[in-house]
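Dear colleague,

I am passing on the structure below, and after it you will find my notes on what turned up when I went through it. Please read them alongside the coordinates.

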Amino acid sequence: MKPRSPPSKLASRGLSRSRSHHRGRAGRRPGSQGAIGVVDEVMPAGPAQEAGLQPNDVLISLGRTDSDAVAAGANLFAAIADDVGRAASRGEAVDVVVVRRAPDLSQHYATFRLYPRFWQGDGLLGMRIAQLHPHDAELLPS
């Protein structure tokens with residue numbers, strides 16, 4: 001039996017182009033990468049929750065997709081969908097690097113290993129990603 005290939009629609013991967021977040025301004029660490037999006041929603045019992053991701057985590061990279069890829073002209077959601085679909089079809093993980101704000105308002109980097117897959121919920125990730133817009137401040141700690 002041939003393995004089922006991932007769906008091609010972005011929405012079926014838990015990606016959303018219609019939602020956006022507005023965040024406050026913070027300084028950018030010299031030599032660090034910029035943010036590519038923010039975790040808008042994490043579905044219960046999905047791959048993202050199992051990996052430890054939380055709403056409001058600021059995405060620095062997801063798989064091979066980072067701010068350099070976006071700056072080079074890659075469509076953010078298409079690049080993420082390609083990485084996620086490829087990993088899911090091979091049964092591989094994608095590393096996700098985020099900046100997370102602690103209750104004391106300090107920020108720190110965290111890396112998670114996420115296994116995209118078909119599960120009982122929507123998409124392969126079990127999370128929705130909100131796109132950052134140019135008016136959103138740079139979100140990395142100084």
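**Overall picture**

Buried residues account for 45% of the 142 residues in the protein chain. Please keep in mind throughout that this is a predicted model. The chain has three helices and six strands, and read along the sequence these follow the pattern β-α-β-β-α-α-β-β-β. Among contacts between residues at least 6 apart in sequence, 68% join residues at least 24 apart. The accessible surface comes to about 7700 Å², and 49% of that belongs to carbon and sulfur atoms.

**Confidence**

The mean pLDDT of the protein chain is 74, with 70% of its residues reaching 70 or more. Confidence is highest in helix α1 (residues 47–51), at a mean of 94, and lowest in helix α2 (residues 67–71), at 79. Over residues 1–32, however, the pLDDT is below 50, although this stretch has 83 contacts in the model beyond near neighbours in sequence. Where pLDDT is low, the predicted coordinates should not be read in detail.

**Nonpolar cores**

The largest nonpolar core has 23 residues, and those with the most contacts inside it are Leu-53, Leu-62, Val-96, Leu-114, Met-127 and Ile-129. The elements that give two or more residues to this core are β1 (37–42), β2 (58–62), α3 (76–90), β4 (94–101), β5 (107–114) and β6 (127–131), and α3 gives the most, with six residues. Apart from this core lies another, of five residues, among them Val-58, Ile-60, Val-99 and Ala-130.

**Strands β1 and β6**

β6 is mostly covered, since four of its five residues are buried. It pairs with β1 in the antiparallel sense over five bridges, and in this pairing Ala-130 of β6 is the bridge partner of Val-38. Ala-130 is also among the residues of the five-residue core mentioned above.

**Salt bridges**

A search of the whole structure finds seven salt bridges. In one of them the side chains of Arg-128 and Glu-41 meet, at 3.5 Å from N to O; Arg-128 lies in strand β6 and Glu-41 in strand β1, so the pair ties together parts that are 87 residues apart in sequence. Glu-41 counts as partly exposed, at 32% relative accessibility.

Arg-128 forms a salt bridge with Asp-122 as well, the closest N and O atoms being 3.8 Å apart. Asp-122 is partly exposed, with a relative accessible area of 48%.

Arg-100 and Asp-57 form another salt bridge, their side chains meeting at 2.7 Å from N to O. Arg-100 lies in strand β4 and Asp-57 in the loop between α1 and β2, so this pair ties together parts that are 43 residues apart in sequence. Are these two residues buried or exposed? Arg-100 is buried, with a relative accessible area of 13%, and Asp-57 counts as buried too, at 1% relative accessibility.

With best regards

Methods: Residues are numbered from 1 along each chain as its sequence is written. This is a predicted model: local features need pLDDT of at least 70, side-chain atom pairs count only at pLDDT 80 or more; totals for chains, interfaces and linings use all residues. Side-chain values use heavy atoms; hydrogens and water are left out. A nonpolar core is a set of buried Ala, Val, Leu, Ile, Met, Phe, Trp, Tyr and Cys residues joined through side-chain atoms within 4.5 Å. Buried means under 20% relative accessible area, exposed over 50%, partly exposed in between (1.4 Å probe, protein chains only). pLDDT is the predictor's confidence in each residue, from 0 to 100. Contact means heavy atoms within 4.5 Å. Accessible areas come from the Shrake-Rupley method with a 1.4 Å probe; for residues, only the protein chains shown count as cover. Two strands pair if DSSP finds at least two bridges between them. A salt bridge is a side-chain nitrogen of Lys or Arg within 4 Å of a carboxyl oxygen of Asp or Glu.
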